[in-house]
Amino acid sequence: MNITFISAPAAGKGLISSMLNEKYGFPHISIGDLLRSVDDVKVKNQVKNGEFVDNRIIAKLLKERLSMPDCDNGFILDGFPRNMTQLSIYEDICEHINNKKNIIIVLDIPREVGEMRVTGRRVCPNCGYVFNEYFDKPKVSGICDHCSHELIQRSDDNIETYERRYDTYLKETKPVIDYFETRGNVYHVDGSKSSDETFRDIEKIIGGYND
Ligand SMILES: [Zn+2]
């Protein structure tokens, strides 16, 4: 089975993908990671600066990666397609890779919950542990429970960046989901629950397939 994850910003796609990878062994292919791994200075810089990378480059990389033997039994694709142009690339690639079923999982999250996840996120620069001032508070505000280091807020965890990403999602990615809906292989999952609950909801969907 090939799982394509589409999700609103801060719905927890990365974490859920890793959980699926751990339990089922499907390789987790993230477009961001794929682009960062490219040995090309121009692409590296575009990724670093959050600039647009040519869709032809993305198409080539994705095709190569999904054709590798570890994808024969299925994969988890994360971060693609994000817009209608990428949708046609996706459809073309899906025709030429393994003959497994493709299912689309959409992780939904209300804008307000996403805002709290992002603006409340505090990271420990020492041990990497992540807290949230609303949902997963450290015992002492601003201090890491595990190593007592002072917590920081990452510069891109701000409301303006989040609003921009959410608006782009509605404008560009929502039409992709609408298109998939007409094909009947889309499952909506509530991404605002805990990751364990969300994971269980996804397992119920996957359990219905034996491909
Ligand atoms: Zn720490």
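**Entry 1: strands 1 and 3**

I began with strand 1 (residues 2-7) and strand 3 (residues 75-78), which run parallel and are joined by four bridges. Strands here are DSSP runs of E with at least two residues, helices are runs of H or I with at least four, and both are numbered from the N terminus. Strands pair if DSSP finds at least two bridges between them. I noted that this is a predicted model, where local features need pLDDT of at least 70 and side-chain atom pairs count only at pLDDT 80 or more, while totals for chains, interfaces and linings use all residues. Residues are numbered from 1 along each chain as its sequence is written.

Which residue of strand 3 stands opposite Asn-2? I found Phe-75 there.

**Entry 2: the faces of strand 3**

I checked both faces of strand 3, and both are covered. Phe-75 and Leu-77 are buried on one side. Ile-76 and Asp-78 are buried on the other. Buried means 20 or more other C-beta atoms within 10 Å of the residue's own, exposed means 12 or fewer, and partly exposed is in between; C-beta atoms are placed from the backbone.

**Entry 3: the whole sheet**

I then followed the sheet across. Strands pair through backbone hydrogen bonds, parallel or antiparallel. In what order do the five strands of the open sheet lie? I read 2-3-1-4-7, with parallel pairing. The edges are strand 2 (28-30) and strand 7 (186-190), each pairing on one side only. Neighbouring strands are turned against each other by 25° on average, direction ignored.

I went through the other pairings one by one:
- Strand 2 runs parallel to strand 3, and three bridges join them. I looked for the bridge partner of His-28 and found Ile-76 in strand 3.
- Strand 1 pairs with strand 4 (residues 102-108) in the parallel sense, over six bridges. Here Ser-7 stands opposite Leu-107 in strand 4.
- Strand 4 is joined to strand 7 by five bridges, and the two run parallel. I noted Ile-104, whose bridge partner in strand 7 is Val-186.

**Entry 4: helix 1 against helix 8**

Next came the helices. Two packed helices are described by the angle between their axes and the distance between the axes. I took helix 1 (residues 13-24) and helix 8 (residues 195-206), whose axes come within 10 Å and cross at roughly 60°. That angle makes helix 1 oblique to helix 8. The axes are lines fitted to C-alpha atoms over the stretch in contact, and angles run from 0 to 180 degrees between N-to-C directions. Angles under 35 degrees count as roughly parallel, over 145 as roughly antiparallel, 65 to 115 as roughly perpendicular and the rest as oblique.

The crossing of helix 1 and helix 8 is right-handed: the near helix is turned clockwise from the far one by less than a right angle. I listed the residues that meet. Leu-15, Ile-16 and Met-19 come from helix 1, and Ser-195, Thr-198, Phe-199 and Ile-202 from helix 8. This contact has five nonpolar residues, two polar and no charged. Contact means C-beta atoms, placed from the backbone, within 7 Å.

I stopped at Phe-199, which is found in helix 8. Phe-199 has 17 C-beta neighbours inside 10 Å, so Phe-199 counts as partly exposed. Phe-199 and Ile-16 are 183 residues apart along the chain, yet their C-alpha atoms are separated by 6.4 Å. Leaving out residues up to four places away in sequence, Phe-199 touches Ile-16 and Met-19.

**Entry 5: helix 4 against helix 5**

I looked up helix 4 (residues 55-66) and helix 5 (residues 84-96), which pack at about 30° with their axes 10 Å apart. That makes helix 4 roughly parallel to helix 5. Their crossing is right-handed. Asn-55, Ala-59, Leu-62, Lys-63 and Leu-66 in helix 4 meet Thr-85, Gln-86, Ile-89 and Ile-93 in helix 5. By class I noted five nonpolar, three polar and one charged.

**Entry 6: Arg-122**

My last stop was Arg-122, in strand 5 (residues 121-123). Is Arg-122 buried or exposed? I noted buried, because Arg-122 has 22 C-beta neighbours inside 10 Å. Glu-133 is eleven residues away in sequence, and the C-alpha atoms of the pair are 7.2 Å apart. Not counting residues up to four places away in sequence, Arg-122 touches Phe-131, Asn-132, Glu-133, Leu-151, Ile-152 and Gln-153.

Technical notes
Contact = placed C-beta atoms within 7 Å. Nonpolar A, V, L, I, M, F, W, Y, C, P; charged D, E, K, R; others polar.
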